[in-house]
Amino acid sequence: MSATPSAIERPLNFSTPYLRADLVRDAVDYTVEGRTIVINPGTTPVTVAEVPRKTIPPLSSTVLAGTRIEKADALLLLRPAAEDAEMARITGEPGWYHLADLLGTGEFSRETPLYRSPQDEINTVLFDPAHILGERETALDQREFNVRANLWFAPAGTDCFIHNTHDFIEVHTQVHGLGRMQRFRDHDQASLYQDVLMSPGYTTPDPFCATGPQCSYHYPMHQYRADTDCVWLAIEYHPVPRALRTLPVPTVLENH
């Protein structure tokens, strides 16, 4: 990647020889060199400098090579090792743990081989959750969110546990291998009603959740399933209590 004078770059704390991962802030006329998964974690479309002009929508991603980004508040850039790399070894990198070691005793089965990388703080954004989740056409209630990201790994054939509890909005990007996000009617594999197939560079375009009371989020029963050995990225949007807000809320001026 080629920085511009305005761009601020740093490796994410889960960047390893198996997967180079960088955060770019304040990019203008930014060159992406080599095949790269480019994720837009913000709420403003990111324009690729090609004809016809097309964008990377908010909370989505694409794969780019040898092109430029016109402008972006923030980008996540992921460059995994070759497809034939033994990606399972990434779980031996510093800060990777089995999920059972990160939760309380008995909260997750050690028999499910699901591993998480360190988590990194990306940025802070303002958006109306009901608008970004497609529940209303106009943004009316701007709230502040801390954006965090981490990687997951599971070997081929792993069902990564059906659940429906999160206190944040999340999206997932496939990084290595082939997997799927699945929705269920209840806590039972036989109740599957949606399969979202994921290949490298694909991000689930619509967060699975809906808004609930007091800035909470309602999720259907869902899980990730690894069809092959898989690495995927989770981006989490954690609501900031209004009393702790750090970003100014945009003022809408009315014409009289």
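These legends accompany close-up views of a predicted model. Residues are numbered from 1 along each chain as its sequence is written, and side-chain values use heavy atoms, without hydrogens or water. Local features need pLDDT of at least 70 and side-chain atom pairs count only at pLDDT 80 or more, while totals for chains, interfaces and linings use all residues.

**View 1. The main nonpolar core around Ile-235.** The largest nonpolar core has 50 residues. Such a core is a set of buried Ala, Val, Leu, Ile, Met, Phe, Trp, Tyr and Cys residues joined through side-chain atoms within 4.5 Å. Buried means under 20% relative accessible area, exposed over 50%, and partly exposed in between (1.4 Å probe, protein chains only). Leu-76, Leu-151, Leu-233, Ile-235 and Tyr-237 have the most contacts inside this core. Beyond its neighbours within four places in sequence, Ile-235 contacts residues including Ile-39, Pro-41, Leu-76, Val-147 and Ile-169. Contact means heavy atoms within 4.5 Å.

View 2. A disulfide requires two cysteine sulfur atoms within 2.5 Å. For Cys-160, the nearest cysteine sulfur is that of Cys-230, 8.3 Å away. Cys-160 is buried because its relative accessible area is 7%. Cys-230 is also buried, at 0%.

**View 3. A nonpolar surface patch.** Tyr-97, Leu-102 and Leu-103 form this patch, with about 260 Å² of accessible area together. Patch residues have over 30% relative accessible area and no salt bridge; like charges are joined within 9 Å, nonpolar side chains (Val, Leu, Ile, Met, Phe, Trp, Tyr) within 5 Å. A salt bridge is a side-chain nitrogen of Lys or Arg within 4 Å of a carboxyl oxygen of Asp or Glu. Areas come from the Shrake-Rupley method with a 1.4 Å probe; for residues, only the protein chains shown count as cover. Leu-103 lies in the loop between helix H1 (99–102) and strand E9 (115–116). Helices (H or I, at least four residues) and strands (E, at least two) are DSSP runs, numbered from the N terminus.

**View 4. Asp-186 in its loop.** Asp-186 sits between strand E14 (179–184) and strand E15 (192–198). At 39% relative accessibility, Asp-186 is partly exposed. Leaving out residues up to four places away in sequence, Asp-186 touches Ile-162, Ser-191 and Met-221.

**View 5. Leu-247 beside Thr-124.** Leu-247 belongs to the segment after strand E19 (230–239). The C-alpha atoms of Leu-247 and Thr-124 are 8.0 Å apart, across 123 residues of chain.
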